[in-house]
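Me: I am new to this structure and would like to learn how to read it. Could you take me through a few features in turn?

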Amino acid sequence: QVQLVESGGGLVQPGGSLRLSCAASGTIFSIYAMGWYRQAPGKERELVAAITSGGSTNSADSVKGRFTISRDNAKNTVYLQMNSLKPEDTAVYYCKATIRPAVTMKRYDYWGQGTQVTVSS
């Protein structure tokens, strides 16, 4: 069974920083794209940043220059470094990964349970 487990959320003041981590575990053959999404109260879930297995990245315009996505393929882990945080960054952040489990030839999208990020003074 494949699982994604996130960590690193919390309460931070405006201008502060947080680092989110998401580790994939289970019987995994290969991990393709990984990414972070967020959902604020009353809003739809939106893409924050994504990274391919080769390291190519893309991010939302609202976080460019402030957030950095990276991954450690040896640890099956994706990170989101968030700097210069703003109150409008407050949301539940979800990790998503496209994974081929070891027991199948198919790829599936998996989601983490979500971690709360609150930016407030």
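Reply: Accessible areas come from the Shrake-Rupley method with a 1.4 Å probe, and for residues only the protein chains shown count as cover. Here the chain has an accessible surface of about 6500 Å², of which 48% belongs to carbon and sulfur atoms. This is a predicted model, in which local features need pLDDT of at least 70 and side-chain atom pairs count only at pLDDT 80 or more, while totals for chains, interfaces and linings use all residues. Residues are numbered from 1 along each chain as its sequence is written, and side-chain values use heavy atoms, with hydrogens and water left out.

Me: What share of the 121 residues is buried?

Reply: Buried means under 20% relative accessible area, found with a 1.4 Å probe and protein chains only; in this chain, 42% of the 121 residues are buried.

Me: What share of the contacts with a separation of 6 or more joins residues 24 or more positions apart?

Reply: A contact means heavy atoms within 4.5 Å, and residues 24 or more positions apart account for 56% of those contacts in the chain with a separation of 6 or more.

Me: What size of box do the C-alpha atoms fill?

Reply: Taken along the principal axes, the box filled by the C-alpha atoms of the chain is roughly 50 × 25 × 25 Å.

Conventions. Buried < 20%, exposed > 50% of the residue type's maximum accessible area, 1.4 Å probe, protein only.
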